[in-house]
Amino acid sequence: MKRIGLIGGTTPESTEYYYRKYIEISRELFEPYFFPELVVFSMNFKAFRENPRGWEGRKEMLIEAAKALERAGAGVIGIAANTPHIVFPDVQEAVDAEMVSIIEAVANEAERRGLKKLLLLGTKTTMEMPFYREALEKKGFQVVVPNEEEREKVNSIIFNELALGKLESKPYLVELIEKYAQEGVEGVILGCTELPLAIKPGDVSIEVLDSAEIHMRALIERAME
């Protein structure tokens, strides 16, 4: 079985959640006490977020992390965050190890569940830039994003609450999702790996696509191939 590499730290809270899911999924899939080898490279989130060279600088940080994981023996690598997938193709091109895309994993799971119309929640970058939405639309999904005011609010919740280990605005998120459920959305993509800290399956009336859990499962399954 291949060693798994995880680029984390963006944020530490979501990386911790990934590790919890790694334990849960391993216990589901394997015999007792068997856990796939996992190496985590936890980046300095402040340095990543405030990189003076923007996405070019962040891309270089991600490539450095991926190469470090590769040197540590990782055969499959994942970025434990949605927004950095804006530069995913460049990171994949820089290493020989297989990179597993969170967007592809989410799309495959949505298809498995028979969902077509999806609400995308995440950081402002994830909701507003085309990289995530277009990747899903190419696979035949209809993607809905919140309006500008709602995007600002969700972004604020992510960075000012969830990324700091706080959970105060869950009722707002539930109300927002239900609003779009009434407009025909069949599932919600928790397209920021902090959002599953607030929203769980059963909290809302539609399907919940937990991008972190889906991605961790995809990484383990790919490592088994």
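Predicted model: local features only at pLDDT ≥ 70, side-chain atom pairs only at ≥ 80, totals over all residues.
Visitor: Where does Lys153 lie?

Guide: Lys153 lies over the face of Tyr172, and the distance to the ring centre is 5.6 Å.

Visitor: Now to rings beside rings. How many aromatic pairs does a search of the whole structure find?

Guide: The search finds six aromatic pairs. Take Phe45 and Phe159 as one of them: their ring centres are 6.5 Å apart and their planes are at 5°, so this pair is stacked, since planes under 30 degrees apart count that way. The two partners come from distant parts of the chain, with Phe45 in helix α2 (residues 45–49) and Phe159 in helix α8 (residues 148–160), 114 residues apart.

Visitor: Is Phe159 buried or exposed?

Guide: Phe159 is buried, because its relative accessible area is 18% and buried means under 20%.

Visitor: What kind of pair do Phe131 and Tyr132 make?

Guide: Look at the angle between the planes. For Phe131 and Tyr132 the planes are at 70° and the ring centres are 6.1 Å apart, so the pair is edge-to-face. Both Phe131 and Tyr132 are buried.

Visitor: Which residues form one aromatic cluster?

Guide: Tyr19, Tyr22 and Phe35 form one.

Visitor: Let us turn to charges. How many salt bridges does the count come to?

Guide: The count comes to 16 salt bridges. To read one, look for a side-chain nitrogen of Lys or Arg within 4 Å of a carboxyl oxygen of Asp or Glu. Glu213 and Lys21 are an example, meeting at 3.8 Å, N to O.

Visitor: Which parts of the chain does that pair tie together?

Guide: Glu213 lies in helix α10 and Lys21 in helix α1 (residues 12–29), so their bridge ties together parts that are 192 residues apart in sequence. As for accessibility, Glu213 is partly exposed at 26%, while Lys21 is buried at 11%.

Visitor: What does Arg217 form a salt bridge with?

Guide: Its partner is Glu28, and the closest N and O atoms are 2.8 Å apart. This pair, too, links distant parts of the chain: Arg217 is in helix α10 and Glu28 is in helix α1, 189 residues apart. Arg217 is partly exposed, with a relative accessible area of 23%, whereas Glu28 counts as exposed at 51%.

Visitor: Which residue does Glu98 form a salt bridge with?

Guide: Glu98 bridges to Arg222, with the closest N and O atoms 2.4 Å apart. Glu98 is in strand β4 (residues 98–99) and Arg222 is in helix α10, 124 residues apart. Glu98 is partly exposed at 27% relative accessible area, and Arg222 is buried at 18%. Salt bridges can also share partners: in this way Glu109, Arg112, Arg113 and Glu207 are joined into one network.

Visitor: Helix α10 keeps coming up. Where is His215, and is it buried or exposed?

Guide: His215 is in helix α10, and it counts as buried, at 0% relative accessibility. To read its surroundings, set aside residues up to four places away in sequence; His215 then touches Tyr18, Gly78, Ile79, Val100, Ser101, Ile102 and Ala105.

Visitor: And which residues form a nonpolar patch on the surface?

Guide: That patch is formed by Met1, Leu29, Phe34 and Met224, with about 360 Å² of accessible area together. Met224 belongs to helix α10 (residues 211–224) and counts as partly exposed, at 43% relative accessibility.

Visitor: One last reading exercise. How many residues apart in sequence are Glu56 and Val87, and how far apart are they in space?

Guide: Glu56 and Val87 are 31 residues apart in sequence and 8.7 Å apart in space, taken C-alpha to C-alpha. Glu56 is in helix α3 (residues 54–71) and is partly exposed, with a relative accessible area of 38%.

Note on methods. Residues numbered from 1 in each chain as written. Heavy atoms only, no water. Phe/Tyr/Trp six-rings, centres within 6.5 Å; stacked < 30°, edge-to-face > 60°. Helix = DSSP H or I, 4+ residues; strand = E, 2+ residues; numbered from the N terminus. Buried < 20%, exposed > 50% of the residue type's maximum accessible area, 1.4 Å probe, protein only. Lys NZ or Arg CZ within 6 Å of the ring centre and 35° of its normal. Patch = residues over 30% accessible without salt bridge, like charges linked within 9 Å, V, L, I, M, F, W, Y side chains within 5 Å. Areas by Shrake-Rupley, 256 points an atom, 1.4 Å probe, with all protein chains shown as cover. Contact = heavy atoms within 4.5 Å.
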